[in-house]
Amino acid sequence: MPTILGQNQYGKAENRVVKITRDGATHHIKDLNVSVSLSGDMDEVHYSGSNASVLPTDTTKNTVYAFAKEHGIDSAEQFGIHLARHFVTSRQPIHRARIRVEEYAWERIETSGEAEHSFVRRGQEVRLTQITYDGSSWEVVSGLKDLVVMNSTDSEFRGFVKDRYTTLKEARDRILATEVSGRWRFNWTDDEQPMPDWEESYARTKEHLLQAFAETYSLSLQQTLYQMGARIIDHRGEIDEVRFSLPNKHHFLVDLEPFGLENDTADGAVYFAADRPYGLIEATILRDGCAARIPVDLTRL
């Protein structure tokens, strides 16, 4: 045979599942987008078309919904762990399962009545997790995307390299804004270890990255990125690696001189918010002694 089969996987992508938990008149929502990918002894289906080892992707979809009812959804991570363990341990040809989860947050609408079953979609970040299990070890990488943050001052950009193509002026007081896409890898890898509290870990990790963004007097977005990752590593012992991709959402001072107006930041300036092109700052921050495993390109995760 002149060709051989390389890496392969299959599954059901983007299963939208919403689980309502009722606590009397008070309801709770978990709103997930779950993608299942399986790999193992699947050579024959590619070579001859035999489906003898193939669990239908429709079955993986049904499993997602059944598990939401049978096990509930305590957290995106815990739900992914339940699914990965099931697929690897219940089907011999499957050696590895990868579960990706996006979680969409809802806030309760406060009312004057006693019923608590009304919600508004929270317009902030999308929570993410990827669970990988091979029957003996786990890898859990969680994170978020679409978290837009801004500092309206305490940011500079000056002292940079200049050549004959440089037109950017140095700034001693500027807006620093970005849309955070971040992932962090847990050091929980096997069932013998105590499992992290996934909900608490996510809340505190997000809190630390936001505090670092707000409290860093920024001389560059690179410096701010590093402080965000370093603060997470310093305060969250369950996390060994953090990677951020931060587009610089540029805000340029508008030239108002033609109208006889000064546009000084000290007086409260007017800016043009540019959506593209944008600077893109990316880096990984590691606990000392740990190796990087999160992909450089976060779109692959």
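**Terms and their criteria**

Tutor: Pro277 lies in the loop between β11 (271–273) and β12. Strands (E, at least two residues) and helices (H or I, at least four) are DSSP runs, numbered from the N terminus. The peptide bond that joins Arg276 and Pro277 is cis, with omega at about -5°. The model is predicted, so local features need pLDDT of at least 70 and side-chain atom pairs pLDDT 80 or more, while totals for chains, interfaces and linings use all residues. Residues are numbered from 1 along each chain as its sequence is written, and side-chain values use heavy atoms, leaving out hydrogens and water.

Student: How many helices and strands does the protein have?

Tutor: The secondary structure comes to five helices and twelve strands. The C-alpha trace spans about 75 × 65 × 35 Å along its principal axes.

Student: Which residues does Ile285 touch?

Tutor: Contact means heavy atoms within 4.5 Å. Not counting residues up to four places away in sequence, Ile285 touches several residues, among them Leu225, Tyr226, Ile233, Asp240 and Phe244. Asp240, in strand β9 (residues 239–248), is also buried, since its relative accessible area is 10%. Apart from its neighbours within four places, the contacts of Asp240 include Arg185, Asn187, Ile285 and Cys290.

Student: Why is Gly24 called exposed?

Tutor: Its relative accessible area is 62%, so Gly24 is exposed. Gly24 is in the loop between β1 (15–23) and β2 (26–40).

Student: How do you know whether Glu14 and Asp146 count as buried, partly exposed or exposed?

Tutor: Glu14, at 56% relative accessibility, counts as exposed, whereas Asp146, with 34%, is partly exposed. Glu14 lies in the segment before β1, and Asp146 in strand β7 (residues 138–151). Neither is a glycine, yet phi is positive: near 55° for Glu14 and near 65° for Asp146.

Student: What makes the pair Tyr133 and Trp138 stacked?

Tutor: A pair of aromatic rings is described by the distance of the centres and the angle of the planes. Rings of Phe, Tyr and Trp (its six-membered ring) pair if their centres lie within 6.5 Å; planes under 30 degrees apart count as stacked, over 60 as edge-to-face and the rest as tilted. The structure holds six aromatic pairs. For Tyr133 and Trp138, the centres are 3.8 Å apart and the planes are at 15°, and the pair is stacked. Both residues are buried.

Student: Why is the pair of Phe157 and Phe160 called stacked?

Tutor: The ring centres of Phe157 and Phe160 are 4.8 Å apart and the planes are at 15°, so this pair is stacked. Phe157 counts as partly exposed because its relative accessibility is 28%, whereas Phe160, at 16%, is buried.

Student: Why are α4 and α5 called oblique to each other?

Tutor: Two packed helices are described by the angle between their axes and the distance between the axes. Axes are lines fitted to C-alpha atoms, for helices over the stretch in contact, and angles run from 0 to 180 degrees between N-to-C directions. Angles under 35 degrees count as roughly parallel, over 145 as roughly antiparallel, 65 to 115 as roughly perpendicular and the rest as oblique. The axes of α4 (residues 198–215) and α5 (residues 221–235) come within 8 Å and cross at roughly 140°. The pair α4 and α5 is therefore oblique.

Student: What makes α2 and α3 oblique?

Tutor: The axes of α2 (residues 57–70) and α3 (residues 76–90) come within 11 Å and cross at roughly 130°. Helices α2 and α3 are therefore oblique to each other. Their contact involves, among others, Val64 and Phe67 of α2 and Phe79 and Leu83 of α3.

Notes:
Buried < 20%, exposed > 50% of the residue type's maximum accessible area, 1.4 Å probe, protein only.
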